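Please look at the model below before reading on.

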Amino acid sequence: MKQKVTGPHQPLVTHIYTADPSAHVFEGKIYIYPSHDLDHDGPSNDNGDQYKMEDYHVLSMDNFDSPVVDHGQVLHLKDIPWASQQLWAPDAAYKNDTYYLFFPARDHDGIFRIGVATSASPAGPFTPQADYIQGSFSIDPAVFVDDDNRAYMFFGGLWGGQLEKWQTGTFEPDASGPALDEPALGPRAALLSDDMLSFQGPVQEISIVDEEGKPILAGDEDRRYFEGPWVHKYNGYYYLSFSTGSTHKLVYAMSRDLLGPYTYKGTILTPVIGWTTHHSIVQFEEKWYLFYHDSSLSEGVNHKRCVKYTELEYNEDGTIRTIDPYK
Ligand code: FUB
């Protein structure tokens, strides 16, 4: 299935609902690994039960003037032995001549875990491992392969993503988040093993601080971490970008060290149509691009989203220019 791209801030495809785009350049082309939103009219709640996705498709483009190719279904819930429901935001990585698809899903106890599937091709299909990554939890994996070829997974999301329930290191079903005047929960990161199939190091919490080095607080909903982490590197700085959830922004923080602490810098994307906002940042040839989603294709239904892109620009000092998706 091929569809002509109509340009920046337009849906990449319209034949299915897509969200949570993780974009990468593999084999000289742009590959996008989105969630595939189910078209249903069931109720919505803060637990995210409306996001009941069952499979993944892979999209690709030769460049930004060529059609988008939908490579079809590359992985289905029924083929993942450990997963019971909700294939949420995935990411992909390349190493060892293999393409890896990392994805969250609820296990058979209803607890979000993160799994991995492999393929010889960036377009899939992907074969899942029999079990989830031991030690993984919560949602929204984003895998960053650094210049030294070491790969780290960043992950975690509040509310339906269950991050609050892991503050003690084990799953506490009734746990809630920190008090509003306490440091916000940060995303988690773990070093992946050389074969990319397990965690090689401990899961660490990533600290996000303000310009004075003070932790961003849980009540600071304009700046605190909510979900959807993404890490990229530009001019010697690591950039950690993420969704603020309840205030619907994509924001970012910068650090000289991959594992932080990260200093909060500002907003990348102002709120989109729909509750969630989720993104990735990728360089293609000389330019940088932001891939994101909104709910414009369904005229505002939160769980019927569409993936879009636009160019992302830096200021001289490395800060990112704020993008308004509708200007
Ligand atoms: O698509 C399901 C969930 O919604 C994702 O995992 C979150 O990042 C949010 O976009």
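**Terms and their grounds**

The chain exposes about 13100 Å², an accessible area from the Shrake-Rupley method with a 1.4 Å probe, where for residues only the protein chains shown count as cover, and carbon and sulfur atoms supply 46% of that area. This is a predicted model, in which local features need pLDDT of at least 70, side-chain atom pairs count only at pLDDT 80 or more, and totals for chains, interfaces and linings use all residues. Residues are numbered from 1 along each chain as its sequence is written, and side-chain values use heavy atoms, with hydrogens and water left out.

Q: What share of the residues in the chain is called buried?
A: Buried means under 20% relative accessible area (1.4 Å probe, protein chains only), and 59% of the 327 residues in the chain are buried.

Q: Why is one side of β1 and of β2 left without a neighbour in the sheet?
A: Strands are DSSP runs of E with at least two residues, numbered from the N terminus, and two of them pair if DSSP finds at least two bridges between them. Five strands form an open antiparallel sheet in the order β1-β5-β4-β3-β2. Because β1 (2-3) and β2 (17-26) stand at its edges, each has a single partner strand.

Q: How do you know that β1 pairs with β5?
A: Two bridges join β1 to β5 (residues 68-76), and the two strands run antiparallel; Lys-2 stands opposite Val-69 in β5.

Note on methods. Buried < 20%, exposed > 50% of the residue type's maximum accessible area, 1.4 Å probe, protein only. Helix = DSSP H or I, 4+ residues; strand = E, 2+ residues; numbered from the N terminus.
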